[in-house]
Amino acid sequence: MTRISATILTFVCCGGLLPAMAQPKWDVVKTFQVGGPGAWDYLTVDPQTHRLYVPRSTHTMVIDGESGKTIADIEGQKIAHGVAIVPQAGRGFISDGGGDGAIVIFDLKTNAILG
């Protein structure tokens, strides 16, 4: 049973790599210098608005993917890790691992904190 499970797991893992391997060539199109205080963690890109969300420890930067300029700086986190976006709901969610952990909810259009 263990051998069958290991074989199935191997096929599943390798199958997940096929779409990435199918991309014939990746190119660096733009490079931005993102300065400011705090280390960064998981980056999120919104393909519709071309915004880049950069969690920076105590705040999350929102950067225009076309110009590289900072659109907003969402403050108030303790240890920001990553951002999930739900365009259909107009909401973004920042995982904040500080203390007992929290999720910061913000508006995708205004970048205002909602909860």
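The following exercises, with worked solutions, concern a predicted model.

**Exercise 1.** State how many helices and strands the protein has, and give the order of its elements.

*Solution.* Step one is the count: the secondary structure amounts to one helix and five strands. Step two is the order: read from the N terminus, the elements run α-β-β-β-β-β.

**Exercise 2.** Determine which strands of the sheet stand at its edges and why one side of each has no neighbour.

*Solution.* Begin with the strand order. The open sheet is built of five strands, arranged E1-E2-E3-E4-E5, with antiparallel pairing. Next, take the edges: these are strand E1 (44–46) and strand E5 (102–107). Each has a single partner strand, so one side of each is left without a neighbour in the sheet.

**Exercise 3.** Describe how strand E2 is joined to strand E3, and find the bridge partner of histidine 59.

*Solution.* Locate the strands: E2 covers residues 51–64 and E3 covers residues 70–86. The two run antiparallel and are joined by six bridges. Then look up the residue: histidine 59 has glutamate 75 in E3 as its bridge partner.

**Exercise 4.** Work out what share of the residues is buried and what share of the accessible surface belongs to carbon and sulfur atoms.

*Solution.* For burial, the cut-off is under 20% relative accessible area. Of the 115 residues in the protein, 24% are buried. For the surface, the accessible area of the protein is about 8000 Å², and carbon and sulfur atoms hold 63% of that area.

**Exercise 5.** Among contacts between residues at least 6 apart in sequence, find what share joins residues at least 24 apart.

Definitions and conventions:
Residues numbered from 1 in each chain as written. Predicted model: local features only at pLDDT ≥ 70, side-chain atom pairs only at ≥ 80, totals over all residues. Heavy atoms only, no water. Pairing = 2+ DSSP bridges. Helix = DSSP H or I, 4+ residues; strand = E, 2+ residues; numbered from the N terminus. Buried < 20%, exposed > 50% of the residue type's maximum accessible area, 1.4 Å probe, protein only. Contact = heavy atoms within 4.5 Å. Areas by Shrake-Rupley, 256 points an atom, 1.4 Å probe, with all protein chains shown as cover.
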